[in-house]
Amino acid sequence: MKDEVPNLKDFDQRLRDEAHEDLADVIAEEPTSKTQIIAIYGKGGIGKSFTLANLSHMMAEQGKRVLLIGCDPKSDTTSLLFGGKACPTIIETSTKKKLAGEEVKIGDVCFKRGGVFAMELGGPEVGRGCGGRGIIHGFELLEKLGFHDWDFDYVLLDFLGDVVCGGFGLPIARDMAQKVILVGSNDLQSLYVANNVCSAVEYFRKLGGNVGVAGLVINKDDGSGEAQKFADAVDIPVLASIPQDDDLRKKSANYQIVGTSKSQWGALFAALGDNVAEAPPVRPAPLDQDGLLALFDSKDTGGDFVLQPATDEDMRGKNAKPVESLEVIYDHV
């Protein structure tokens with residue numbers, strides 16, 4: 001229906017007005033906007049939800065007003081924060097309320113724990129719509145709920161990083177956020193995703209965008225060093241290294257918050273909170289495919305492999321036989 005199509009013209013402009021000035025080429029200084037809107041990207045399953053649930057809890061414990069918004073169709077951002085409880089998503093709730101002829105209220109979709117306010121945008125049912133378009137529609141609903149009048153020090157947006165297009169690319173493409181934080185590990189796939197996000201940031205910077213990368217959080221750090229080498233290569237700082245530790249794995253699996261001063265991991269997340277708050281958005285220098293592979297030992301990535309071209313005979317297999325020429329041959333007279 002026509003009235004269901006999001007009209008983001010005014011929404012885009014207001015988000016741009018909230019964004020920083022062109023800070024990605026400027027040395028760190030005090031933010032010019034009270035609210036810092038920060039988009040977190042990373043490969044699916046790399047630990048964004050774990051990182052953000054604990055980071056947001058610690059930042060609230062430090063006295064900051066924090067809003068955590070899950071922007072991943074899996075809707076898993078807030079699960080750890082709420083002890084495994086799945087909260088109603090904005091899109092799901094809006095649909096039900098609309099069918100009932102009712103308006104969505106903030107208490108229907110926003111919940112709090114430990115001083116953190118959190119909500120999930122949600123997404124369409126499997127096979128019934130585009131996740132990216134769902135994100136766009138979700139942000140339009142946020143605007144209707146009064147997003148621009150809310151008073152927070154930090155708004156943290158949890159985005160799937162495997163696909164940086166459409167709705168998933170909103171923070172970068174439309175200057176919704178002031179800066180991006182990457183979550184990765186010492187493996188090629190997560191750094192490939194991180195590099196893709198850096199490429200998206202650089203692309204939109206060339207088009208006049210203002211979003212920069214604040215840095216990389218290394219999760220499940222086994223000490224092998226590839227993620228640190230990646231950060232050095234693309235010229236972004238490492239904001240924290242969260243070790244590969246069995247205690248962290250068990251607590252995460254049991255939906256336990258470790259981003260608190262009561263935990264042995266409190267100091268780590270307190271430092272991460274400070275770094276996230278203070279890190280300026282910088283302009284990354286994304287790598288090409290060969291540069292990314294060069295971060296790893298060639299025997300682990302196939303970097304030494306020499307490509308062998310296939311032939312037409314290879315492709316035709318058992319059907320391979322000389323092709324009759326169309327050239328006309330005249331008998332000698």
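The model is predicted, so local features need pLDDT of at least 70 and side-chain atom pairs count only at pLDDT 80 or more, while totals for chains, interfaces and linings use all residues. Residues are numbered from 1 along each chain as its sequence is written, and side-chain values use heavy atoms, without hydrogens or water.

Start with the whole chain. The protein chain has 13 helices and eight strands. These are DSSP runs, numbered from the N terminus: H or I of at least four residues for helices, E of at least two for strands. Of its 333 residues, 46% count as buried, meaning under 20% relative accessible area with a 1.4 Å probe on protein chains only.

Now take helix α2, residues 48-61. From first C-alpha to last, its 14 residues reach 20 Å, close to the expected 20 Å. That expectation is 1.5 Å times one less than the number of residues. The helix is mostly covered, with 13 of its 14 residues buried. Just after α2, Gly63 has a positive phi of about 95°.

A cavity is a set of points, on a 1 Å grid over the protein atoms alone, where a 1.4 Å probe fits but cannot get out; lining residues have an atom within 4 Å of a point. Points are joined across faces, edges and corners, and volume is the space filled by probe spheres set on them. The count comes to one cavity of 30 Å³ or more. The largest cavity has a volume of about 30 Å³. Its lining is Ile40, Lys48, Thr51, Leu52, Leu55, Ile181, Val183 and Val217. α2 gives the most, with four residues. Both α2 and β6 (179-184) supply at least two. By class, six lining residues are nonpolar, one is polar and one is charged. Here Ala, Val, Leu, Ile, Met, Phe, Trp, Tyr, Cys and Pro are nonpolar, Asp, Glu, Lys and Arg charged, and the others, Gly among them, polar.

Finish at helix α8, residues 226-234. Its buried residues are Glu226, Ala227, Phe230, Ala231 and Val234. They lie on the same side of α8 because they cover an arc of only 140° around the axis, taken from the directions from the helix axis to the C-beta atoms. These buried residues pack against α7 (188-206), β7 (212-221), β8 (238-243) and α11 (289-293). Asp235 follows α8, with a positive phi near 65°.

Key:
Buried < 20%, exposed > 50% of the residue type's maximum accessible area, 1.4 Å probe, protein only. 1 Å grid on protein atoms, 1.4 Å probe; cavity = no way out; pocket = protein on both sides within 12 Å on 5 of 7 lines; lining within 4 Å. Contact = heavy atoms within 4.5 Å.
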